[in-house]
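The following exercises concern a predicted model. Work through each task with the sequence and coordinates at hand, then compare with the solution.

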Amino acid sequence: MPKDLTKVQKKIQKKKGSTTSLHANSRDAQRLRRAGARSDKLEKLATARGKALQPYLQRISFFQSAAKEASGPFTLESMQALIEIYLERDTMELSAIQSERRPGRPASTKEDTLKQRIQAEANEYTSGYWVPNMEDADTLEKLKDWNEQWTSLGTLKYVRITREGTKHSSSFPPKGKS
């Protein structure tokens, strides 16, 4: 039995012919409601997943722009410098928001989310920041040619780099401390 909304609509239209009126609680009306609810649920899940993956796409995009400017593979120190530049991207906006706020007023939602994101990324950098392995020439070339789609990131190799300078190989997609 079809579950997709368009397939259910097509099946009911074939069955009914040119008459498209349905009784409110008929089997076909119930099938249409279930299929509509399912497609809505799938759309919500897809948008939530896209929202959750957006920070990783922005991160890889930043490293892609740095890779395009580079002539050869990076060293561990240069990768750490790039990570620190990336981590500092929100500090100007945060300080601007804090300076605009009147004294004695509570922090805005945007300020709170920026602080949380900065803190979470700092914690990740302490334990191991997930980045493409830009020391590998093959991965660097693939990163330069990346089309900014999540599905094409599986071909790259990844590492976790800590603030102390240690490097561990990692997997795609990022999972905890993989």
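**Exercise 1.** Determine which residues Glu 121 touches, not counting residues up to four places away in sequence, and state whether Glu 121 counts as buried or exposed.

*Solution.* Step 1: Glu 121 touches Tyr 86, Leu 87, Arg 89 and Tyr 129 once residues up to four places away in sequence are left out; contact means heavy atoms within 4.5 Å. Step 2: Glu 121 lies in helix H5, where helices are DSSP runs of H or I with at least four residues, strands are runs of E with at least two, and both are numbered from the N terminus. Step 3: Glu 121 counts as buried because its relative accessibility is 8%; buried means under 20% relative accessible area, exposed over 50% and partly exposed in between, with a 1.4 Å probe and protein chains only.

Residues are numbered from 1 along each chain as its sequence is written, and side-chain values use heavy atoms, with hydrogens and water left out. In this predicted model, local features need pLDDT of at least 70 and side-chain atom pairs count only at pLDDT 80 or more, while totals for chains, interfaces and linings use all residues.

**Exercise 2.** Describe how helix H4 (residues 91-100) and helix H5 (residues 109-127) cross, and which residues make the contact.

*Solution.* Step 1: the two axes come within 10 Å and cross at roughly 145°; axes are lines fitted to C-alpha atoms, for helices over the stretch in contact, and angles run from 0 to 180 degrees between N-to-C directions. Step 2: H4 contributes Glu 93, Leu 94, Ile 97 and Gln 98, and H5 contributes Lys 110, Glu 111, Leu 114, Lys 115 and Ile 118.

**Exercise 3.** Which way do the residues of strand E1 (residues 129-132) point?

*Solution.* Tyr 129 and Val 131 point one way, whereas Trp 130 and Pro 132 point the other way, and all are buried.
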